[in-house]
Amino acid sequence: MVLQAIKYSKGQLEILDQLKLPHAEEYDHIYSSTDAWHAIKEMRTRGAPAIAIVAALALAVELANMKLPSIAEEVKIFIIEKLDYLVTSRPTAVNLADAVRKLRKITEQAAEKEGANGESIREAYVAAAEKMLVDDVSDNENIGRHGADWVVKNTEAGKKGKVSMITHCNTGSLATAGYGTALGVIRSLHAQNALKHAFCTETRPYNQGSRLTAFELVHDQIPATLVTDSMAAALMQLKGESENIAGIVVGADRVAANGDTANKIGTYSLAILAKYHGVKFLVAAPRTTIDLSTKSGNDIIIEERPGKEVTLVKGPRHDGVTLDLAVVETVSIAANGIGVWNPAFDVTPAELIDGIITEVGVVEKDSEGVFHLEKVF
Ligand code: MRU
């Protein structure tokens, strides 16, 4: 079975509810941009590429099922208003803003065409949104291939045959249209028989690592071990057969022009640990995540999420022996009344990053330590 976070056919969209994983695999129907906005905000769907694609396709579905005004200008305004609304769902991942910008342009161009009407604008919009879904999978496969080749060529363990890697958060099929970015690199290493072992971090507070990445690794039967975020330093100190870490590969929500990278909270600490331990630190992301208009990490807006995501955990009842999937409970794991800071992302300075893996190749810094990300466009 192929893991699919997004199921789409013309006029129909379903998303795998990631709040219920790994214990239940349930799909939610998305009928409109309002449905998508809520699914993204509540993180029933998440991951930078998936957010953008779900938003784009939700509006395609809404357009496919509605009675369109025949006046081109009215359809154009309707689409643009919905896009402006969708982009407000989550602020940090630039893929959504990038998709909105491209879809807006396509809509405006379609409206300017001679003889344009509601139907022709709808067709142009839907075709562009559907292309985003298709392109994402092939981009991810290319990221996986370039990343795996780089790791094999640029690490001692890789040159000898097999590497052990750490990854953070979830960047796999669940965060994209399929295959994944950083997890795609691990999938590709495994497919080439060049992966000794994968370690995934729990990724507090939302546990994308233990719930989602672990689920994907088990699903694909990739040799893997789960660690809590605070175990990463100790893991890098170990020099055992599998524990000898060659590299850390993470995804990104926004890569600024200078290479500073916003990604899931905890990424920055892993990058510092990698530097201390002489472990390669790689960011894997499609070019839609690179934002040349954001000069550096200082200009990236970091989303803050509700404190209850830190203080409360939710899951099926477990009496110490058996899991009762029918009863989902929420328990508090913090002292009542404590204040909470819950930034969803942090920024890793470019200085700590060895390479940025894109679908067209791996970008490394020049001799002065500067990334030239404009080269990939
Ligand atoms: O808050 P999330 O789960 O949407 O955060 C996801 C991440 O930080 C991922 O690493 C990033 O979006 C890349 S997914 C290919």
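User: Which residue in E9 stands opposite Val 255?
Analyst: This is a predicted model, where local features need pLDDT of at least 70, side-chain atom pairs count only at pLDDT 80 or more, and totals for chains, interfaces and linings use all residues. Residues are numbered from 1 along each chain as its sequence is written. Strand E8 (residues 254-256) and E9 run antiparallel and pair over 2 bridges (strands pair if DSSP finds at least two bridges between them; strands, E, of at least two residues and helices, H or I, of at least four are DSSP runs numbered from the N terminus). In E9, the residue opposite Val 255 is Thr 261.

User: Which strands form the edges of the open sheet?
Analyst: The open sheet has 4 strands in the order E11-E8-E9-E14, with mixed pairing. An edge strand pairs on one side only, and here these are E11 (290-291) and E14 (345-348).

User: Which strands does helix H10 touch?
Analyst: H10 covers residues 267-277 and packs on the sheet. Its direction makes about 30° with that of E14 (angles run from 0 to 180 degrees between N-to-C directions, and axes are lines fitted to C-alpha atoms, for helices over the stretch in contact). Contact puts C-beta atoms, placed from the backbone, within 7 Å, and the strands touched are E9 and E14.

User: Why is H1 described as roughly antiparallel to H2?
Analyst: The axes of H1 (residues 33-41) and H2 come within 8 Å. Angles over 145 degrees count as roughly antiparallel, under 35 as roughly parallel, 65 to 115 as roughly perpendicular and the rest as oblique. H1 is therefore roughly antiparallel to H2, as their axes cross at roughly 160°.

User: How many nonpolar residues are in the contact of H1 with H2?
Analyst: H1 brings Ser 33, Asp 35, Ala 36, Ala 39 and Ile 40, while H2's side includes Ile 51, Val 54 and Leu 59. Ala, Val, Leu, Ile, Met, Phe, Trp, Tyr, Cys and Pro count as nonpolar, Asp, Glu, Lys and Arg as charged, and the others, Gly among them, as polar. Beside 1 polar and 2 charged residues, the nonpolar count is 8.

User: At what angle do H2 and H4 pack?
Analyst: Residues of H2 including Ala 48 and Pro 49 meet residues of H4 including Asn 95 and Leu 96. The axes of H2 and H4 (residues 94-112) are 8 Å apart, and the angle is about 35°.

User: Which elements give two or more residues to the shell around the ligand?
Analyst: Of the 17 residues around the ligand, Arg 46, Ala 48, Ala 175, Gly 251 and Lys 264 come nearest (near means a C-beta atom, placed from the backbone, within 6 Å). The elements asked for are helix H2 (48-65) and strand E9 (261-264).

Conventions: Contact = placed C-beta atoms within 7 Å.
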